[in-house]
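Biologist: I would like to learn how to read this structure. Could you take me through it feature by feature?

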Amino acid sequence: MSNTHTTARGMEPFDKMYSLGYQVNHEDWSPFPRVNHLRQTFLDRPYDVDVERLRLVTEAYQTHETCSRKLKCAYAFENILLNTSLYIYEEDLIVGEIAAPAKASPIYPEFSVNWIIDEILHSPFEDRPNDQFYIRNEEERQEILELCAWWKGQTIDDMVNARLDEDQTKGSEVGERIFQTNLYHYAGAGHLAIDYAK
């Protein structure tokens, strides 16, 4: 990983078999050494939990606590754009991040935090049978817990659950789990933002 300019340039001419994929008797995944190197470098990296986005969003919401939700979102977005670390990897042609290093998971506290706190305390990400993620050190583990604790009662998940009536609560993932809408609570406000009447 480097913060210096890459020397990678352009593409090879169209004179090879493309889309080879995993084929019998084919040594590499791609006919391009650069692509094979990028793929292997990605596969060799661990899956990390990255605290930076959580830190920046929380900082913006705390700084602008009296503002409307829309302004808080805007300030959080601004804080992320201005302060997220950018990583340029060797041989990258397209530079960009999701507010976390490659193969690291950023945290979106504005959607939900209860499951994050629960997993850290009772069934750690790194002990999952699948989709294991690793918190880099004990300091970051404690920081995640502290920042997520600030969000309790303020997330989209909290707002949705507060609006469920008794029957909905009984049937939902907070009750008997007859139906589960938690994906929409945890994975993006766009699922809830459509003005159907309009």
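Modeller: Rings of Phe, Tyr and Trp (its six-membered ring) pair if their centres lie within 6.5 Å; planes under 30 degrees apart count as stacked, over 60 as edge-to-face and the rest as tilted. Before going on, note that this is a predicted model, where local features need pLDDT of at least 70 and side-chain atom pairs pLDDT 80 or more, while totals for chains, interfaces and linings use all residues. Residues are numbered from 1 along each chain as its sequence is written, and side-chain values use heavy atoms, without hydrogens and water.

Biologist: How many aromatic pairs are found in the whole structure?

Modeller: The search gives 6. One of them joins Y108 and F111, which are stacked at 5.8 Å centre to centre with 15° between the planes. W150 and W151 form an edge-to-face pair instead, with 5.2 Å between centres and 85° between planes.

Biologist: Is W151 buried or exposed?

Modeller: Buried means under 20% relative accessible area, exposed over 50%, and partly exposed in between, using a 1.4 Å probe and protein chains only. W151 has a relative accessible area of 0%, so it is buried. W150 has 23% and therefore counts as partly exposed.

Biologist: Which charged residue sits over the ring of Y108?

Modeller: For this we ask that NZ of Lys or CZ of Arg be within 6 Å of the ring centre and within 35 degrees of the ring normal. The charged end of R53 is over Y108, 3.8 Å from the ring centre. K103 lies over the face of F42, at 5.0 Å from the centre of that ring. K103 also has a positive phi, near 65°, although it is not a glycine. Its relative accessibility is 11%, so K103 counts as buried.

Biologist: How do I read a helix, say α5?

Modeller: Helices (H or I, at least four residues) and strands (E, at least two) are DSSP runs, numbered from the N terminus. The expected span of a helix is 1.5 Å times one less than its number of residues. Helix α5 covers residues 138-151, and its 14 residues should span 20 Å; the end C-alpha atoms are 20 Å apart, which agrees. At its start, a side-chain oxygen of N137 comes within 3.2 Å of the backbone nitrogen of E139. After α5 comes G153, with a positive phi near 85°.

Biologist: Which residues of α5 are buried?

Modeller: They are E140, R141, I144, L145, L147, C148 and W151. The buried residues of α5 pack against β1 (48-50), α2 (52-63), α4 (114-122), β3 (134-135) and α6 (156-163).

Biologist: What should I look for in a core?

Modeller: In soluble globular proteins, nonpolar side chains tend to be buried together. A nonpolar core is a set of buried Ala, Val, Leu, Ile, Met, Phe, Trp, Tyr and Cys residues joined through side-chain atoms within 4.5 Å. The largest one here has 23 residues, and those with the most contacts inside it include I120, I144 and C148. The elements giving it two or more residues are α2, α3 (69-83), α4 and α5.

Biologist: And what is I120 in contact with, leaving aside its neighbours within four places in sequence?

Modeller: Contact means heavy atoms within 4.5 Å. I120 has F125, I135, R141, I144 and L145 as its partners.

Terms used
Polar contact = N/O pair within 3.5 Å; in protein donor to acceptor, adjacent residues only side chain to side chain.
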